[in-house]
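The following exercises are intended for a reader who meets this structure for the first time. Please work through each task before turning to its solution.

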Amino acid sequence: MKKIPLAAALSIALISQAQSATVYEKDGTNLDLFGRINAMYLSDGAARHVKGIQNKQNDDNTLQSTVYFGIAGRSQLSDNVYAIGYSEWIMPSGANGTDKFITRAQYVGFDAQQYGTLTFGRGDNAFYTVAGVTDVYQELDSRVNDHYAFGDYQPGLIMYSLSAMGWDFRMSYQTAYDDVNGSNVNIHNGAAFAFATRLANGIGIAYGLSYYYLQPDKNDMMAKEFSPQIKKMYHLGDSQDDLNTAYSLRPTYKIDKGLSITYGNFGEGLYAALNGTVTKYNKYTNRLYSYEAVVNYAFDNGFSTTLGYGMKRFDGANIRSDITCGVYYSFNPNFKVFAEASFDVSSKPERFYSEAQIKRMAMDKNKGLIGAEYSF
């Protein structure tokens, strides 16, 4: 789901991107409201992939409408320090929708300007500086980067960011997090950092690292989540001894290391981005290698188009391989229409994922959608 590359939702200035309305402003304090409403007709594969239809059970195409609504506040505490707060919710509705509020991002903190910003709550961790450069689609992000294995926005997050002398630095700490990304995986804690800079010729470079320590498994539920991959890696069968071995080899930590390169600014003419991530799970026989590339061009007449490719490799096989494209037309700053599609390119997800995981994310299906959106 599209966000602003190289800028997580730490800056209240990003609210202007959503045509926000200031509803209160007095004595150094202001409160803004913003949001958007969209309606989409999705193929079954797309419906299983996007947020808001997490309990979809049948194999039919569907019409989905969704409201995104947010508030943001800023209050001056001293000459150089501001208190900030931000919250955004998703309200999906439809034949297969969850029909309940989903908290997307939510935090409070301090903006000390040249001394940096510190926030506490739900948001992206620091590694998004690398992974997020290709997160530019309306809905059908390829999500092959293993950064998204533990979800998009994460709760219980402490984030510090500082921009100075042409560099952007971010570091984050992840506190306990249960049932990660709708699975039985639990995070005990984690940390991440990233550096980014932009050269005079418009090229941006970023490097980051993230670490997750996984919660000790007390009831075998997390072991069951990983055991399908373990069985494939170690060529184990279905005997009780093999199942016990698979359970005992549950990973206890994960490390992502990544690099990204960009050109231009998204939404302003030509924008291109490439990132690569190496992921290590201890107890796994091989590392995961994720690569994503996108090219977007925004014309002055409101038309824009995006083309991208994402690939994830494990043990010599492309377990994810997707081409994703999109076309968009904005009639004005508030209303646009769009269409996106994603196509599998000879991937072999069964070499790594379980049947349930493949079905949950529709990895074995092409995906398509058309929609319209009104922003306010």
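**Exercise 1.** Determine which residues Y284 touches, not counting residues up to four places away in sequence.

*Solution.* Contact requires heavy atoms within 4.5 Å. With that cut-off, Y284 touches F226, Q229, I230, M233, P251, F314 and F352, once residues up to four places away in sequence are set aside. Two conventions apply throughout: the model is predicted, local features need pLDDT of at least 70, side-chain atom pairs count only at pLDDT 80 or more, and totals for chains, interfaces and linings use all residues. Residues are numbered from 1 along each chain as its sequence is written, and side-chain values use heavy atoms, with hydrogens and water left out.

**Exercise 2.** State how many residues the largest nonpolar core has, and name the element that gives the most to this core.

*Solution.* First, the term: a nonpolar core is a set of buried Ala, Val, Leu, Ile, Met, Phe, Trp, Tyr and Cys residues joined through side-chain atoms within 4.5 Å. Buried means under 20% relative accessible area, exposed over 50%, and partly exposed in between (1.4 Å probe, protein chains only). The largest such core has 22 residues, and Y284 is among those with the most contacts inside it, as are F150, I187, L214, I230, F314 and F352. Next, β10 (203-214) and α3 (221-233) each supply at least two residues; helices (H or I, at least four residues) and strands (E, at least two) are DSSP runs, numbered from the N terminus. The most comes from α3, with three residues. Another core, of 15 residues, lies apart from it and includes A47, V50, Y137 and L369.

**Exercise 3.** Locate D146, decide whether D146 is buried or exposed, and find the side chain joined to that of D146 by a polar contact.

*Solution.* D146 is placed in the loop between α2 (128-131) and β7 (154-164). Because its relative accessibility is 3%, D146 counts as buried. A polar contact (a pair of N or O atoms within 3.5 Å; within protein, one must be able to donate a hydrogen and the other to accept it, and residues adjacent in sequence count only if both atoms are side-chain atoms) of 2.9 Å joins the side chains of D146 and K312. Beyond neighbours within four places in sequence, D146 is in contact with residues including K254, D256 and K312.

**Exercise 4.** Find the ring over whose face K254 lies.

*Solution.* The criterion is NZ of Lys or CZ of Arg within 6 Å of the ring centre and within 35 degrees of the ring normal. K254 lies over the face of F150, at 4.6 Å from the ring centre.
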